[in-house]
Amino acid sequence: MANSLPFENRWSSGKAAEHWHQELGRLGVPNVRMMFAVGFSEGDPDKLIVGDIPSGFVSDWLAFYDRRGQRQELLWRAAVLALTLIAAVAAIIAAIRG
């Protein structure tokens, strides 16, 4: 069965992984991050953090959403930079013509 998750994980595939992904999505990134921080101890990849979900899967899931947030921030910064550059060029052209 093909992995239908939007990220790579080493913990499970198929229905279990899809169920875990949906459950974490329902809880939301901030809540999962808090539960992970409180429940994670000694780096045990088999420890269950959220319900029946192994800590390793939760860690992979959070890493995916962290990378996704970083990409979105990069796109916003690039858009702001492009608009600033356009405004600066327009101001220079207006000053030269003016």
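Trainee: How many helices and strands does the secondary structure of the chain come to?

Mentor: Helices (H or I, at least four residues) and strands (E, at least two) are DSSP runs, numbered from the N terminus. Here the chain has 3 helices and 2 strands, and along the sequence they follow the pattern α-α-β-β-α. Please note that this is a predicted model, in which local features need pLDDT of at least 70 and side-chain atom pairs count only at pLDDT 80 or more, while totals for chains, interfaces and linings use all residues. Residues are numbered from 1 along each chain as its sequence is written, and side-chain values use heavy atoms, with hydrogens and water left out.

Trainee: At what angle do the axes of helix α1 and helix α3 cross?

Mentor: Axes are lines fitted to C-alpha atoms, for helices over the stretch in contact, and angles run from 0 to 180 degrees between N-to-C directions. The axes of α1 (residues 15-27) and α3 (residues 55-97) cross at roughly 60° and come within 11 Å. That makes α1 oblique to α3; angles under 35 degrees count as roughly parallel, over 145 as roughly antiparallel, 65 to 115 as roughly perpendicular and the rest as oblique.

Trainee: Which residues make the contact?

Mentor: Contact means heavy atoms within 4.5 Å. On α1 the contact is made by Ala17, Trp20, His21, Leu24 and Gly25, and on α3 by Phe57, Val58, Trp61 and Tyr65. These residues divide into 7 nonpolar, 2 polar and no charged. In this scheme Ala, Val, Leu, Ile, Met, Phe, Trp, Tyr, Cys and Pro count as nonpolar, Asp, Glu, Lys and Arg as charged, and the others, Gly among them, as polar.

Trainee: What percentage of the residues in the chain is buried?

Mentor: Buried means under 20% relative accessible area, exposed over 50%, and partly exposed in between (1.4 Å probe, protein chains only). Buried residues make up 23% of the 98 residues in the chain. Glu18 is partly exposed, at 22% relative accessible area, and His19 is also partly exposed, at 37%.
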